[in-house]
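Okay, thanks for making time, everyone. Let me put the model up, and then I'll walk you through a few parts of it.

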Amino acid sequence: MCGIVGYVGERNAAPILMKGLEKLEYRGYDSAGIAVHDGKNVNIYKAKGRLKVLEERYPPSEVAGVLGIGHTRWATHGEPSELNSHPHVSGRIAVVHNGIIENYQRLKPWLEEKGFNFISETDTEVAAHLVNHFYEGNLLRALKKAVALLEGSFALGVLSADYPDTLVAVRKASPLIVGIGDNENFIASDIPAILEHTRKVYLLDDGDMVVLKKNDVRLYNSLGERIRKEIFHVTWDADMAEKGGWAHFMVKEINETPKVLHDTLLPRIDENGRFSLSEISGFAAMAGGLRRLFIIGCGTAYNAAMMGKYFIERTARIPVEVDYASEFRYRKPLIGRGDACIVISQSGETADTLAAMREAKKRGARVVAITNVVGSSVAREADEVFYTWAGPEIAVASTKAYSAQLMALFIIGTELAFRVGGIDEEQYSAMLSALIKIPEQVQRVLDNVARIQQVAAERFNAKNVFYIGRGMDCPLSMESALKLKEICYTHAEAFAAGELKHGPLALLERGTLVVSLMTEEALIDKTISNMIECRTRSAYILGIAMEGNIKAVETSDECIMIPRTMDCFAPMLAAVAAQLFAYYVAVQKGLDVDKPRNLAKSVTVE
């Protein structure tokens, strides 16, 4: 899980590479490096730590050359160090790599027998030596032969000291795009890295290779045959990927949630005041005869999937199975024709989710993708796509994208429920009306931020935190606890409130923070009983409940109130409150909110 960028043109490459890596630092930030061709040699500049360490050590303005590649690393093989950081060099070849080479341990002894000396602990060095082994003056041919022996997921950018005007690259199961400029061209792991230079990109497919010069881009398939692709024109603004005065991307993105929900919802309401599922019409047509629905995701997307299960089973009465994408293949799932599968991935490049999607398709299920990135691997390989129009999400911890995923699932679930007779016309209209109000109600939660800041300032030193809930508050507790783990490094666990007495109460001690989610009005009395169990054991109770819930206020030590809506949609409001609480706890602790330790944004390795 790393970020790569490459440039060939007429301008000095180093500042462009550094700026591009800055936009990709959410993908990895334990080391960084660039390789720049000065017209005679490829010079390597690397540093352990954040990108600013590299910039301070090697000021970009002092690095000469109009051709280069860069890399920001999230360690998978070998500890963070200057030696393990990219680019890796073999002879006159320099390589940057995103992904994992699964068979590097088998290739390494073979290459050592050929006389290659390994100096790092990384899998990437195998790729560099392999390209060098096959290199006989034709860089593309050497790359093609090397890729034929590599197993795993990878995107590679390659330079040779013999070619001061040429950059080659390949994509296999890891994201890579090509940017088209005027007398300059680019490669990158993600669009924001090059967006200030061009809005014209090629979206590479698995196996695609590319040769770039400053005024020429040639695309090839895995067989080495020339191919043509349509240029994808980026429509969103570069400013969407900038902080815009906010202290961190995370809080900026939380505050973008009302617009994100509006943009995801409103285009799906047709002129008759109905939800339109025209984007996923094939899936919608299955509604009446759908045997089972599978929803698959990782991390936050998995938690969204669990919320979808509760909602769709409750309203549409369709059996729903939820799987961790990383486990789906290995349990030999009973999925096939007559079933449908929704895969959820913010980036559309999550390796485990892609593998699970391919397994579902192979077994005959119809696959719908809920994703935020147009042209991503998930979007291109799914049968149909339901886009969440959340714009770029830069902070590692997902916030606005999670909210958009919930909105997508609620839109799909509401329409399915009506089509199969799970809800009637009156209920359908009420649910649609309630969803239309959600963006404005989220804004009201954001406007109440001072109360959330105060609670975070008082409780940020909690060492152990329980999140509890019943009904749809149960999957919400999972996502809320995940946010605290991700950015605050606080031990946080989510429990179905009714399960406390079956073991977790043994963990309670004086001062343990228990966050009780109480948006299921019909279940509040039962949840309150569980809160009392915790208070009896000297826990501190923070409640999150809808306005007017007097019982919740009376039972909690502190209570954050959210606007009143239908129970089934209240998690979208409570989620924002929980995100803000986690954010301000992290701020109180003085932590790096956007780049939590050991994590990266787009998980493109299994």
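Predicted model: local features only at pLDDT ≥ 70, side-chain atom pairs only at ≥ 80, totals over all residues.

Residues are numbered from 1 along each chain as its sequence is written, and side-chain values use heavy atoms, with hydrogens and water left out.

Back to leucine 432, which is found in helix α14, residues 425–447; helices (H or I, at least four residues) and strands (E, at least two) are DSSP runs numbered from the N terminus. What is leucine 432 in contact with, leaving aside its neighbours within four places in sequence? Ile269, Gly273, Arg274 and Phe275, with contact meaning heavy atoms within 4.5 Å. If you look for glycine 207, its C-alpha is separated from that of leucine 432 by 44 Å, and the two are 225 residues apart along the chain.

Now the helix pair, α13 and α19. α13 covers residues 400–419, and the two helices pack at about 170° with their axes 10 Å apart; axes here are lines fitted to C-alpha atoms, for helices over the stretch in contact, and angles run from 0 to 180 degrees between N-to-C directions. The pair is therefore roughly antiparallel, our word for angles over 145 degrees. On the α13 side you have Tyr402, Ser403, Leu406, Met407 and Phe410, meeting Met572, Ala575, Val576 and Gln579 in α19.

How buried are these two? In α13, 18 of the 20 residues are buried, so that helix is largely enclosed by the rest of the structure. α19 is mostly covered as well, with 17 of its 20 residues buried. α19 runs over residues 570–589 and reaches 29 Å from first C-alpha to last, close to the 28 Å expected at 1.5 Å a residue, the expected span being 1.5 Å times one less than the number of residues. Just after α19, glycine 590 takes a positive phi of about 75°, and α13 is followed by glycine 421, with a positive phi near 85°.

On to the cores. A nonpolar core here is a set of buried Ala, Val, Leu, Ile, Met, Phe, Trp, Tyr and Cys residues joined through side-chain atoms within 4.5 Å. The largest one has 98 residues, and Phe283, Leu293, Ile295, Phe569 and Phe581 touch the most other members. Which helix gives the largest share of this core? That's α19, with 14 residues. Apart from that core lies another, of 30 residues, among them Ile93, Tyr135, Leu139 and Phe154.

Last, the sheet. It's open, with eight strands in the order β3-β2-β4-β1-β10-β9-β11-β15 and antiparallel pairing; two strands pair if DSSP finds at least two bridges between them. β3 (42–48) and β15 (232–233) stand at the edges with a single partner strand each, so one side of each is left without a neighbour in the sheet. Helix α1, residues 13–24, packs on the sheet, touching β1, β2, β4 and β10, and its direction makes about 155° with that of β1. Four bridges join β1 to β10, which run antiparallel, and glycine 6 stands opposite isoleucine 187 in β10.

Conventions
Buried < 20%, exposed > 50% of the residue type's maximum accessible area, 1.4 Å probe, protein only. Parallel < 35°, antiparallel > 145°, perpendicular 65-115°, else oblique.
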